[in-house]
Structures are given as C-alpha cells and as structure tokens.
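Hi there,

Here is the structure I promised to pass on to you. Please have it open while you read the notes below.

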Amino acid sequence: MSDAEDPSFDPVAPNTGDSYEPVDVFPDSDDFDLRPGADSCYKCSICDTNCPVAEVDDDFPGPKFQGPEQWRLKQTDDDYEIDDSITECSNCMRCDDGCPSGVPLSQMHNTARGQYVDEQMSKFSLKYWRNRILANYRTSARLASIFPRTANFAMNFGPVRWVMDKTMGIPNERDFPAFATETFRKWWQKQGGADASRERAREARERRGEPRDADKKIAYFHGCYSNYNTPEVAKALVHVYEHFGYEVVVPEQRCSGTPMFANGMLDDARRGAKVNVSSFADLIEQGYDAIASCTSCSMALRKEYPELFDIDGVDAVAENTFESIEYLRIHEDLKGEIEDADVSDELAKEFAYHAPCHARNQGLERQAVELFRDLDNVGIEDVGESCSGISGTYGWKSEKYEKSMKIGEEMFEHMEHAEGTTGMTECPTCAMQMEHGTGYEVRHPLELLEAAIVE
Amino acid sequence: MAIESDVLVIGGGLAGLTSAITAAREGAHVRLLSYKQSTLRQASGLVDVLGYTPEGEGPLTDPYEAIPALPDSHPYRIVGVDTVREAMGLFDEVATDYRGGHTETNALLPTHGGTVKPTARYPAGAAAGIASDDRDVLLVGFQSMTDFDAPHVAAHLRAAGVPFDVRGVTVEFPGDLKADAKVTRYAKLLEHNGTVSVRGNEQGARDALAARVNREQEDEPRVGFPAVLGDEDAGGVRAALGEKLGAEIFEVPSGPPSLPGLRLEDAMFDALDAAGGNFESGNPVVDYDGGDRIEQVYVEKNGAKIPVSANEYVLATGGLVGKGVESDREGVREPIFDCHVPHPEDRYEWFDLDVFGDHPFALFGVDPDPELRPLTADGDPEFENLRAAGSVLGGFDFAAEKSGSGVSIATGYHAGTVAAQEAR
C-alpha cells in the first residue's frame, strides 16, 4: 500500500509525535534568507559559462562558488571567512540571467562582498579608501563640477595621473571623463523646472490630439553621470518625454548605489537608497513612474534595492521603475513614430551597438537594435553579447586594468568589424571602455531618439 | 498599449528558436521571449531525430522509416513525416556548421560517457570522431578537467565494440589551470593561443598542448578532446591542432555546461536576427488576458507586469525539467495558460518502480490538435491562437527514444509556419 492510500497519513501535518522538539537551524536574523536560493542550485554550471572574469582568469572560482557554495560554507562554519576572490567579481550580474533555477546569485555576491569589506578589509588600507572614493563618484563629481574646466585639466594632467596610479592604484592608461560646464540640474532649473515642463507637456498633448490634462507624468532618475558628465543625455530624455506629452519632475536623489554594491560598501549604498526610495516612493504614490536613462541605475532601483534593503516603499519603487525607452515602448507607439521619422543631422550614420550587462537582466539587450533598424538614414549593428569589461569602477583599478581590457577584447574586435565607427550604448562606463578600446565616439540611444522624433 | 508583434514565441530553447526563425522567414514580425538563457547551453550539441522506438528497439538506422509506426499521439505522427523532413532541412540551412544532412540515416557518435549515440545531425567539430569510421583514435583528457576521463571513456567505447582501436591518455593542460577552471577559460586560451607559462617558458597554449599530445600520440590518425576547443572559431582551433599533430581533430560532446550547445545557440540567434526577428531574455511570462483567443500576455519584471501582445502565440516553455510543465502532489499543470495536461489522478501511477523503467511522467505534456493547439480535457482547442512546440508537448519520451531535438525542431517548424500564416 502506498502512503497516499494510508488513511492515517497526512503529508501536510508533520507526524512528529509529542516528543518532537524543533531545532532552529538558522537562528533569527535581519538578513534576507538566501537558503531557498542556495538549495535551488543543481550545479549545472551555466552561471560559470556566463562569467566574463572566469573566462580570462582561472584563479577566479566563478559565480557558482561565490554564490551558493560560499553561502553554504558560511552556514556550516562560524569562523568561515569570505574568500578574497569575492573582490574579483565585477558585479556584471550575468550569472542571474543564466541560472535556469532562479538562484539569486548577484544577491549572494553582494551580500558576501559587503560582509567581506565590513569584517575582513582593513579600514586603514589605501585600497579601502581608493575603492571608497571610486564608489562615491558623486562626491568627487560634485566638487569637480564646481570648477569643471580646472578639474578636466587636472584629472588628465600627466604628473597628477602618475601619482594617482602609483599611490592610489588608479590606472594611468585611462582618460578621466570630462565634466560638463553646466550640470543637468542647473540647466533644468534654468528651463523652469517642473512647472514649465507641465506647460510644455500640455502643449505637446494638444499638438498630438490628446486631452490637455492627460495623466502622463514621470519622475526622472538621472543618476550622477548624466548630471555631471553627459547632460546631453538627460536633456534628450526631457525633450523626448515632453514630445510625447509627459510632465517631467526631477526629484532629490543620490547615487543609485551601483558602484557601492560592486565595492561592498553597503552602508554607503543604503544611505543613498533611503533618500532615493523616500523621494521616489512619494511621487509614485502621486501617480508618477520612475524613469532612468542609465541601465545600471534602473537595475539598482528595480532589483538590488529590494534584494538588499528593507526600506519602506522599496517594493513600490522597484515595481514602478522603468528604463527610459522601455517605458515609451510600453505606453506609446514608439515604433510607429520611428518608422515615420528620419535623421538628417550629424547622427545620420552607422552605429556599433553594445548592450550593457545590466540591460540584459531587464530584457533590454535588443531594444535599441529593434527600434533603430527601421529608422531611415541610420544603421545599427549589435556587436555581440560579450561584456565590455570595465564594469563601472572595476576597470578603474590599476590591479584590474589589464583583466578589464582582456574581457573587453572581444567587444573591441566586434566593434572594429562593424560597419559603423560610432558606438552606442546605454551605460556610461561601457561607453568609456568602448571609447578607450577603439577611439570611437559613443552616443546614448536617447540622443538618437531625440534626433529622430523631436522637432 | 502593449509591445506588439505578429507572432510571440515564449521559450528560447531549440523549439522556440526554430518556430521563431520559421515564422520570421515567412515574413511575420516575430518576438521571442526567454525567461532565462537558452537551454541549448545544457544540450550536448548532438541533434537527434529518433534513435530508438518507444519499445526500445534500436539503434535505428533510418529514423524516418520508423516514424509511421509510432503511436498516433506521438508529435511526429501529429505533424507527419514530411514535415519532419522539411524541418530538418530548415535546421540544415540555419546551422551551417552541422553535418549529417547528406543522408537520412543516423550517424553513431561517441559521447563523453563512452557510449555510442545514434543521431541525425552532429557539429562539424564532432565529425572526425564518428564511430562507424574504422581509423584508430586517441582520446586526450586534461588532469584539471575531471568531467572527461579519457582512459575511462576509451575503455567504455572498447566495451561497446567500436570497430577501431581507442586509447585514452590524460595530460596536464599547459599553464596548469586551476582544477575548477571554466570550460570558457580553456576555450578562450585555445582560440587565441593565449600565453601560458610552461616550466618557466612563455608559450601559446595551443602550441604547448599540441607538443604535449605529440609525445603521447602513436600513429592514431584521429585525436579527440573534450569539447572546449574554442568558441567563435572552433574550426580554426581544430585546424591548427590538426596540422601540428598530423591527425584529424574532434571534440567529444559533453553534458552541461556545453560549448557545442552554446555555439548552436549562437547560430540560432544569429539566424533569428538575420530573419528580422526580435528577442529578449531575463524575465518570465506569468499571465495572460483573453477568452477564446489570447489577447496579451504579461512579462514580470521585479513586480511590474509588462503587457506584450501578438496575433498568434507559440508555447515552447519545455517539459518537466524546463518548467514548462509543473507538478506537485495534487496534479500536473502547464503554468502560464493553465492548458490541460492529461495525467492519472493517483500520483502513484505517474511513475514506474524500476528506476530505468517506462515512467508515465516522461510522456506528460499538453495534448495538441493537428495544428498543435493544446486541447482541453473535452478535446477542444484551449485557445484559437496558441500553439505548442517541443517538450511541453506530451506523448513522447525523448530520453528513451533519443528524439528530443527532432521533436523540438519539427514541432517548432510546424507551429511557426502555421502561426505565421494565421497572423497574416
């Protein structure tokens, strides 16, 4: 007789008897429970085939170890120390996309890296401070943008860079990105901010034959880079959204946390996340959606925040955050407008497009190609699925520079084979790497979209 | 609004890719959604049609000859043997680096477990290893790569009675890679002849490997390696090694993670791109709107539900392993559209007590009409515009029959063709 036919057997109630004393294997803690994720791993190693670091460095044990295996080691041995190799993970998060079993690999990596930096890394070491400065890019960028021209000169001045390389481990080979002479936020204020945007959006709706008071409004998460370095991307976003009749607001915000996660600086990231979540959750409650133009920023708000921080409103922000072009694809006939449009200015050319790793998990890796291949006078070619190798601050460390360039090699080769000699990507640091490896100028899809459809 | 297409394919494995490519080539605007990366990464890269009958007879010489005798409910019988032939023709056009299309009979290929598998198509990289060839073989394994134990594989092949002498040797991979180095690391080093340090000397990894194997080689005209010989330019790696060793080089297909599977994945996505198809991955389809027809489906991204719509839909989400069919103590179901999956009520009738017996669960899946539309328990189509392809279909035991790839290709092709016609 099988147990299904045994009338005394109820699989739902544990048949333990009175003497049973449950043992709490993992005592209460505030941490997220990673056990179900670790248990889901069936060791197929598909994550390892996705790891751009393991492909060029066999000393790196790969995501299967960094994630579920290391997590288990931590549970069985109280004295277990996180393996140093956790700092070699570049937080590209490709392993998440590969796992057929839903193991939250990047959440495990972020957690382990945070613990490593908290408990095992000397707070007096140069490396710690170098990483902390790199991770807090916004702080340096804010200072630099006060005197942008001076900063641009000093940051790429040979002797200064030699000293930075030797003392701090910031590679001499790279060019610092230029700071804009006017930040996006300053420009936005000069444009009249939210009130003026509402007016412009209403006019656009009338022009489009939509109700003047249609409920179309977004809160823009511009991030640090398009504020301090590439305000043209942020301006393109404003122009494109207002063209479709959306009112734009630009709320108070800090760094999304992407570089802090990658450097294990979870306290710094949490501070920023609190400000961002509070500021955007309020607007979401009023009917706004949060829109980011950087795919790593949107990834942080959508995925890393709810995986790492227990903050009021964090889930509402995750559910209502979108990448800028993705949102228009959902809510507007973007494809139709692009098919009717053409480009006649300096952007009428061939582009070599690279999909950032962080765009992949959001399902956005083919969005630009899909849209722009029907655009007149423009060509776009996907340069393949390899990682650019810079991974934010990763390639900005002297000891990792060579590895970063080795990872990028495949992308450089594919870019050189592509017809276009202008690059395109959503990610600011991928753009740096593309430019560094090929010398191509690199544009953001929003700039091309603006050229195509905004009068 | 929703993100729109003519044909929406759900699932990025061999069935989903084949149906998306077919529909795109028919002129439909196609979108393929894959929750995770393609399951082709877990596939050996061998593409079978039918190796054994459901009764276990085989290995079969001609799979097409055996198809008319399969049960009526078998997917091959539903689409018909001519469709299977046409579909394999499409595969041959797409997977240009594949061999075996010159004949209808099965080839016999050695596997990394030392068995011999009947298969209809095989990667060019495996071609020189074919088991019906009587030239002697040297198999080379790497000490740091325990998944492929060359002497053990050779012994198994000898026991299987292959018509040639086969020896297996294990060498250290030049540069002393770590024991857990990834297959992609080997492939990258070999493809770029990357510099490694051998007893203090800097050498190209490929050259150094050839030198090591040269010492072990007697006069075998064929040398087989685990399937890590390059990624994008695997042919170049084999040619370079072959020249140094004076032998034909082949890869022995392996289990996951599988570079031959990964290369096939790349070829299929390139073909989809070339046909104008769109695709994205990373997020699951979780729900739909509709009655007799599906109006739109929802992709879940971190709690947000993104509407995606099409005229016609193809369900290619896989079987019990691929999570296109789910089960618990209460029953067996198809999770997205809740299509009917026939199964006995008592779950003790789902399996056989013999581990290698004929398990009824192996045949679980949706039951389709001739257009591959999943049917309700009453025998009516669940939806007018939903077709199913690949392992989500019931009625065949791919593991026992060696028919998984062929069923995916044939039903994917059929579903894609009909969907594109209906979408017009």
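A word on conventions: residues are numbered from 1 along each chain as its sequence is written, and chains are lettered from A and ligands numbered from 1 in the order in which they are written. This is a predicted model, where local features need pLDDT of at least 70 and side-chain atom pairs count only at pLDDT 80 or more, while totals for chains, interfaces and linings use all residues.

Let's start where the chains meet. On chain B, 34 residues are in contact with 38 residues of chain A (contact means that the C-beta atoms, placed from the backbone, lie within 7 Å). Helix H6 (183-191), strand S13 (278-281) and strand S16 (304-315) of chain B each give at least two residues to this side (helices, H or I with at least four residues, and strands, E with at least two, are DSSP runs numbered from the N terminus).

Next, chain B itself has domain 1 (3-101 + 262-423) and domain 2 (112-252), with bounds from an automatic or database domain assignment. Their C-alpha centres are 34 Å apart. Domain 1 of chain B brings 20 residues to the contact, and domain 2 of chain B brings eleven.

Finally, look at helix H25 (residues 445-453) of chain A: seven of its nine residues are buried (20 or more other C-beta atoms within 10 Å of a residue's own, with C-beta atoms placed from the backbone). Among them are A:Leu446 and A:Glu450. The buried residues of H25(A) pack against several elements of chain A, including helix H14 (231-243) and strand S7 (422-424).

Happy exploring!

Conventions:
Contact = placed C-beta atoms within 7 Å. Buried ≥ 20, exposed ≤ 12 C-beta atoms within 10 Å, placed from the backbone.
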